Protein chains: 2
Amino acid sequence: MSEEQNIVYIGKKPVMSYVLAVITHFNTPGAKNVILKARGMSITTAVDVAEITRRRFMDKLQVDNIVIGTEEMKQEDGSPRGVSFMEITLKLQ
Amino acid sequence: MSEEQNIVYIGKKPVMSYVLAVITHFNTPGAKNVILKARGMSITTAVDVAEITRRRFMDKLQVDNIVIGTEEMKQEDGSPRGVSFMEITLKLQ
């Protein structure tokens, strides 16, 4: 499995659609971890996705690593703006 | 310094008021770390506080640990509801 396939980008969809994406991923053979990537206000959703998946659906799922940082983005007028991001790595025990 | 004093609870105030609280804390003698605690939508603000403090004001500040979890809260009708929380520990290098 290539590196890109185990990333779930969290955006503005309902939380449960990302939970479903995570569960579906872990149902593919050989899947051992998944990375949730979120920026800005979606960071809260990423934490909800991790917690709901772990508590309601997959009790063997663990938070392996959490990284936060800042991504430089260009505003409409071309000036740079820092946007916080978070990456949560989930793995099967 | 007691354990409680190095916790900054993140809520709905502007980001910079929490950044100021963190900087003020690290200016007290003996302060080596601070824990940002946030629930629900304030989780995004907590990440912003950590990133802005580190990048703009204190370049020796590091993210030491990040914990996520779920807190059981009671709704108005008494039924339980899970709310995601996050704790970011910042420390001086």
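## Extent of the interface

In this predicted model, 19 residues of chain A are in contact with 19 residues of chain B, and the two chains bury about 1,600 Å² between them, with 63% of that area on carbon and sulfur atoms. On the side of chain A, the residues that lose the most area to chain B are T44(A), I66(A) and I68(A), which together account for 33% of what that side buries.

## Polar and charged links

Between chain A and chain B there are nine residue pairs in polar contact, counting pairs with both residues at pLDDT 80 or more, and the count of salt bridges between these chains is two. One of the salt bridges joins R55(A) to E72(B), where the closest N and O atoms are 2.7 Å apart.

## Elements and composition on chain A

Three elements of chain A, namely α2 (42–57), β3 (61–74) and β4 (80–92), each supply at least two residues of the side that touches chain B; of the contributions to that side, the one from α2(A) is the greatest, at seven residues. By residue class, the side of chain A that touches chain B comprises 10 nonpolar, five polar and four charged residues.

## The nonpolar core

In soluble globular proteins, nonpolar side chains tend to be buried together. The largest nonpolar core here has 48 residues, and those with the most contacts inside it are L36(A), I88(A), L36(B) and I88(B). When neighbours within four places in sequence are left aside, the residues in contact with L36(A) include V8(A), I10(A), V22(A), A46(A), V49(A) and A50(A), as well as M86(A), I88(A) and L90(A); E87(A) is also among the contacts of L36(A).

Conventions: Residues are numbered from 1 along each chain as its sequence is written. Chains are lettered from A and ligands numbered from 1 in the order in which they are written. This is a predicted model: local features need pLDDT of at least 70, side-chain atom pairs count only at pLDDT 80 or more; totals for chains, interfaces and linings use all residues. Side-chain values use heavy atoms; hydrogens and water are left out. Contact means heavy atoms within 4.5 Å. Buried area is the accessible area (1.4 Å probe) that two parts lose on being put together, summed over both. A salt bridge is a side-chain nitrogen of Lys or Arg within 4 Å of a carboxyl oxygen of Asp or Glu. A polar contact is a pair of N or O atoms within 3.5 Å; within protein, one must be able to donate a hydrogen and the other to accept it, and residues adjacent in sequence count only if both atoms are side-chain atoms. Helices (H or I, at least four residues) and strands (E, at least two) are DSSP runs, numbered from the N terminus. Ala, Val, Leu, Ile, Met, Phe, Trp, Tyr, Cys and Pro count as nonpolar, Asp, Glu, Lys and Arg as charged, and the others, Gly among them, as polar. A nonpolar core is a set of buried Ala, Val, Leu, Ile, Met, Phe, Trp, Tyr and Cys residues joined through side-chain atoms within 4.5 Å. Buried means under 20% relative accessible area, exposed over 50%, partly exposed in between (1.4 Å probe, protein chains only).
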